[in-house]
Amino acid sequence: MKCKTLISASLLFFSIQIFGQVYTDKIVGEKNQQLKDSLKTEEYPYALPIWGEKVAKKGYKLPYSAGISVNYFWQDSEIVINNLQVGFNNGPMYNLDEIVRFDKSHVEAGALTIRPDIWLLPFLNIYGIFGKANTATKINAGIWIPDADNNWSEVAKFNTQANFDATTFGIGMTPTIGIGGGWLALDMNMAWTDISSLDKPAFSYVFGPRLGKTFKLQKERTITGWVGAFRVHINGDTNGNLPLADFINLDNAQAKVDSGLAKVDENQTKVDSWWNGLTPAEQKKPSNIAKHNTANRALESAGTILGTLDDALARGADSSVQYSLQKRPKDMWNFIIGSQYQFNKHFMFRAECGFLGSRTQVLGSFQYRFGL
């Protein structure tokens, strides 16, 4: 079973963090007094940032006011899917939460992006994100039904991986403050990922606080290190419409449906026999009523969805699948460490790694800066 419905939804958990590590630095210390004095007397040559000249004359060293970076970003994230509803051929939608179980589903993605940016204010950088992403999504799931003893068993199982291409675009901003080479940055961006199988682009919001220190080397060369965090929020609702052939493997689907329906009938017979074998007093016990209702509800749901799928298979490749679901990352936060080597004020190379929790990510970046 390919289940590209769920795969395309899980792609939403690909979220991009493209923080550019430059900042306006307050010059402090006696050994830097000459630099501080020169900033106060020199004319600031650029239009941006706003109030750039005033800030420079107060002893702040500003980076070049514009830049462009090329970034490669890779991420693997575990996801949680719920409130799954599926229908066929524009018919009724059925909630499958009670009978479908997911086991450690992941989305792995890589993206190549371009990030243009400007310093609008001395302590506020704004930027855009434009890129292409490739994803490989792994879904492990099964359909489960109960028997008369309320023991649940799996009647259908699927493990699948599919690849998708996507286009990503977004905007972001980074408020920063720097004093004596130490700095704090609060990066945040909103991004939309466009996938053909979704009704509309997927939205994500990323927040990444970082605390770091820059160390001077020779001339304009510096090395910077930082620690921080990565938090991602995903728009939780997804709706879509796919051909039936993109939902299941039509070659063996009928055999799986027939086997599932037979197992549902078998368990329904067991549940009915158990219930009819109880005395009237036992049938009134709340525990038995709850077990009976749960079994009947789950078996009815499994029988209905398998029966509807059976009808859709009879119509062949012209059938379609409609779906809606909610999804979220298993962990919203993970830890970040990173470093940047600045060759001069124009050229910089950066690497960053995120880990802990259920998400791992790696970023590599080359940045060129210039004055506006």
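Visitor: What is the relative accessible area of Phe-355?
Guide: The relative accessible area of Phe-355 is 29%, so Phe-355 is partly exposed, a class lying between buried (under 20% relative accessible area) and exposed (over 50%), computed with a 1.4 Å probe on protein chains only. This is a predicted model, in which local features need pLDDT of at least 70 and side-chain atom pairs count only at pLDDT 80 or more, while totals for chains, interfaces and linings use all residues. Residues are numbered from 1 along each chain as its sequence is written, and side-chain values use heavy atoms, with hydrogens and water left out.

Visitor: How many aromatic pairs turn up in the whole structure?
Guide: Searching the whole structure gives 13 aromatic pairs. One of them joins Tyr-44 and Tyr-46, whose rings sit edge-to-face at 5.8 Å centre to centre with 85° between the planes. Here rings of Phe, Tyr and Trp (its six-membered ring) pair if their centres lie within 6.5 Å, and planes under 30 degrees apart count as stacked, over 60 as edge-to-face and the rest as tilted.

Visitor: Which burial class does each of those tyrosines get?
Guide: Tyr-44 is buried, at a relative accessible area of 15%, whereas Tyr-46 counts as partly exposed at 30%.

Visitor: And which ring pairs with Phe-355?
Guide: Phe-335 is a partner of Phe-355, and these rings are again edge-to-face, 5.6 Å centre to centre and 75° between the planes. The pair links distant parts of the chain, with Phe-335 in strand S14 (residues 333-342) and Phe-355 in strand S15 (residues 347-355), 20 residues apart. Strands (E, at least two residues) and helices (H or I, at least four) are DSSP runs numbered from the N terminus. Phe-335, at 32% relative accessibility, counts as partly exposed.

Visitor: Which residues make up an aromatic cluster?
Guide: One aromatic cluster is formed by Phe-347, Phe-349, Phe-366, Tyr-368 and Phe-370.

Visitor: Now helices. At what angle do H4 and H6 pack?
Guide: Helix H4 (residues 253-276) packs against helix H6 (residues 286-315) at about 155°, and their axes are 9 Å apart; the axes are lines fitted to C-alpha atoms over the stretch in contact, and angles run from 0 to 180 degrees between N-to-C directions. H4 and H6 are therefore roughly antiparallel, since angles over 145 degrees fall in that class, while under 35 counts as roughly parallel, 65 to 115 as roughly perpendicular and the rest as oblique.

Visitor: What is the handedness of the crossing, and which residue types meet there?
Guide: The crossing of H4 past H6 is left-handed, and the residues of that contact divide into 14 nonpolar, 9 polar and 4 charged. Nonpolar covers Ala, Val, Leu, Ile, Met, Phe, Trp, Tyr, Cys and Pro, charged covers Asp, Glu, Lys and Arg, and the others, Gly among them, are polar. As for handedness, left-handed says that the near helix is turned anticlockwise from the far one by less than a right angle, and right-handed that it is turned clockwise.

Visitor: Where does Val-271 lie?
Guide: Val-271 lies in helix H4 and counts as buried, at 0% relative accessibility. Its C-alpha is separated by 7.3 Å from that of His-292, 21 residues apart along the chain.

Visitor: Backbone geometry next: which residues are joined by a cis peptide bond?
Guide: Leu-48 and Pro-49 are, with omega at about 0°, and Pro-49 is in the loop between helix H2 (33-41) and helix H3 (52-57).

Visitor: What is phi for Asn-83 and for Asn-90?
Guide: Phi is near 50° for Asn-83, a positive value in a residue other than glycine, and near 60° for Asn-90.
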